Amino acid sequence: MKKTLTFVLALVFVLSLMSSCAPQDKPLPSTAPNSGSPVKTDAPAASPSTTPEASNLPMPTDLKSDKIYEAMKNSTYYMKATAYIMGMEMNIITAVSGENSENITEVADAASHTLLIDGFVYTLDEGTKTYTKVKIESEKDEEATANDYGTLVFSTKGNSAIAALSGKDNKSYEFEEFTFTTEVDDSSITATLRYYFDGDKLYAMETIMLDMSTIMVITEFSDTIPAGMMVLPEGYTEAKPKS
């Protein structure tokens with residue numbers, strides 16, 4: 001079963017910033033397509049499957065998201081986006097290949113760079129050129145923090161504004177909606193993934209999980225991972241434990 005940890009790693013990074021204002025070293029170059037004040041996310045997230053079209057439709061043959069859906073379901077994709085989580089705006093670069101993934105996140109004046117490789121989570125410090133390494137002890141630990149896009153199932157499609165972007169982007173977009181299964185606190189829940197399109201171009205993805213909406217405005221999406229990703233960068237050494 002193929003899973004990714006990238007969303008959770010980014011969310012943990014945001015939560016750590018909310019509890020501490022100390023910035024890290026060098027921020028990453030901005031890839032945000034938008035600028036301005038943080039997006040308000042107190043607007044209610046769009047409820048899944050509320051369009052006039054019936055839910056649980058058979059898989060249509062004319063989906064705009066077919067290649068995107070297949071890449072995510074097969075756990076092989078690369079994405080650059082501006083994400084809006086819990087009222088915070090961040091730039092992310094994500095690569096996923098099977099059980100391995102890489103996530104680079106910039107928010108405010110802080111940056112985070114993590115890799116999940118062969119059952120280990122590596123956290124890189126670009127300022128000191130060092131990394132810490134933590135082993136995922138069991139399959140249960142991985143499942144507790146993983147989204148399983150391999151379970152994506154088509155739900156419905158329609159046209160809607162993106163509630164979490166209210167006040168910043170009030171335009172309506174065509175969307176195609178899927179559901180998938182994720183593990184939270186030893187319980188299996190069903191989450192929603194929406195792909196929004198501006199014409200034929202992927203504009204945004206929205207994940208709705210436990211009544212929380214996460215938006216990613218897409219800069220680039222590909223089923224090909226750029227060379228040089230998914231490996232530890234040259235010149236980095238493992239950080240020595242503090243005595």
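Q: Which residues are linked with Lys64 in a network of salt bridges?
A: Lys64, Glu174 and Asp200 are joined in such a network, where a salt bridge is a side-chain nitrogen of Lys or Arg within 4 Å of a carboxyl oxygen of Asp or Glu. The model is predicted, so local features need pLDDT of at least 70 and side-chain atom pairs count only at pLDDT 80 or more, while totals for chains, interfaces and linings use all residues. Residues are numbered from 1 along each chain as its sequence is written, and side-chain values use heavy atoms, with hydrogens and water left out.
Q: How many salt bridges does this rule give?
A: The count comes to five salt bridges.
Q: How far apart are the closest N and O atoms of Lys64 and Glu174?
A: They are 3.0 Å apart, and the pair links distant parts of the chain, with Lys64 in the loop between α1 and α2 and Glu174 in strand β8 (residues 172-184), 110 residues apart. Helices (H or I, at least four residues) and strands (E, at least two) are DSSP runs, numbered from the N terminus.
Q: Now Lys157, what does it pair with?
A: Lys157 forms a salt bridge with Asp62, the closest N and O atoms being 3.7 Å apart. Lys157 lies in strand β7 (residues 147-161) and Asp62 in the loop between α1 (6-19) and α2 (66-73), so this pair ties together parts 95 residues apart in sequence.
Q: And is Asp62 buried or exposed?
A: Asp62 counts as exposed at 53% relative accessibility, whereas Lys157 is partly exposed at 23%; buried means under 20% relative accessible area, exposed over 50%, and partly exposed in between (1.4 Å probe, protein chains only).
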